[in-house]
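Colleague: I am new to this one and would like to learn how to read it. Could you walk me through some features?

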Amino acid sequence: MTDMHIVVFDDMLQVTDEEVKRMLPLVSEERRRQALRFRFTFGQYACLKSYLMLAETLPMEWRPLQFTMGPYGKPSLLGHADVHFNLSHCQHGIAVVVHNRPVGIDIECFHTAEQALLERTMNEQEQRLIAQDNRPDEAFTAMWTKKEAVLKLKGTGIVDDLHTVLADEKVQVQTFINREGRYAYSIAMY
């Protein structure tokens, strides 16, 4: 696999108990158990839908998908170390990326950040860019998805200083804004 595959789903009207029941038999037993641990329909739906979106990008003979976890909980495909993927979801969408290089993705609904959150998560230059933007909610969300995608690429979670996450020049980040869907997502890779 050499091409990057990005799949974004945002028809959130499909998030129903009936759709969760329809998807349950389509996933592995492990994923079923994982989905049913979620208390609310959205969590169950996102867990099942992201698995099925990932499965659709991979060869049929790899199913049921089996995973192994990295030291910080980043999943990888068992027996397919050369295939990298990442999943993300928010109330407005689900995003999946598959590539032959390490990759991270994050999707978030637009939201405005309070000053305390901006100071904790953004450096001074990033804070200025957000404040000067005509759509600060979009600017904050786009910047946050960039940082989260980089952290997910590294597979370490939020352990880095959030002010310097985007300073790694080896990392490439691409951001997409969907104003109609009111979300942004970013993809990070080396």
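Colleague: Which element gives the most to the lining of the largest pocket?

Modeller: Helices (H or I, at least four residues) and strands (E, at least two) are DSSP runs, numbered from the N terminus. A pocket is an open set of points on a 1 Å grid over the protein atoms alone, where a 1.4 Å probe fits, with protein on both sides within 12 Å along at least five of seven lines; lining residues have an atom within 4 Å of a point. Here β4 contributes most to the lining of the largest pocket, with 5 residues.
This is a predicted model, where local features need pLDDT of at least 70 and side-chain atom pairs count only at pLDDT 80 or more, while totals for chains, interfaces and linings use all residues. Residues are numbered from 1 along each chain as its sequence is written, and side-chain values use heavy atoms, leaving out hydrogens and water.

Colleague: What volume does the largest pocket have, and which residues lie nearest its centre?

Modeller: A volume is the space filled by probe spheres set on the grid points, which are joined across faces, edges and corners. For the largest pocket that comes to about 620 Å³. Its lining has 27 residues, with G73, P75, N86, L87 and K152 nearest the centre. Two or more lining residues come from each of α2 (29-36), α3 (41-57), β2 (67-69), β4 (84-90) and α6.

Colleague: How does the lining of the largest pocket divide by class?

Modeller: Ala, Val, Leu, Ile, Met, Phe, Trp, Tyr, Cys and Pro count as nonpolar, Asp, Glu, Lys and Arg as charged, and the others, Gly among them, as polar. The lining of the largest pocket has 11 nonpolar, 10 polar and 6 charged residues.

Colleague: And what is the volume of the second largest pocket?

Modeller: The second largest pocket has about 220 Å³. It is lined by 20 residues, and G70, K74, P75, S76 and H84 are the closest to its centre. The largest share of this lining, 3 residues, is from β3.

Colleague: In what order do the strands of the open sheet come?

Modeller: Two strands pair if DSSP finds at least two bridges between them. The order in this open sheet of 3 strands is β6-β8-β7, with antiparallel pairing. β6 (103-109) and β7 (172-178) are at the edges with a single partner strand each, so one side of each has no neighbour in the sheet. Between β7 and β8 (residues 183-189) there are 7 bridges; T175 has S186 in β8 as its bridge partner.

Colleague: Which helix packs on the sheet?

Modeller: Contact means heavy atoms within 4.5 Å. Axes are lines fitted to C-alpha atoms, for helices over the stretch in contact, and angles run from 0 to 180 degrees between N-to-C directions. Helix α6 (residues 136-154) packs on the sheet, touching β6, β7 and β8, and its direction makes about 150° with that of β6. Helix α5 (residues 124-132) also meets α6: their axes come within 7 Å and cross at roughly 145°. E126, L129 and I130 of α5 make this contact with P136, A139, F140, M143 and K147 of α6. That gives 6 nonpolar, no polar and 2 charged residues.

Colleague: Where are P64 and R182 found?

Modeller: P64 sits in the loop between α3 and β2, and a cis peptide bond with omega of about -5° joins R63 to P64. R182 is in the loop between β7 and β8; though not a glycine, R182 has a positive phi of about 60°.
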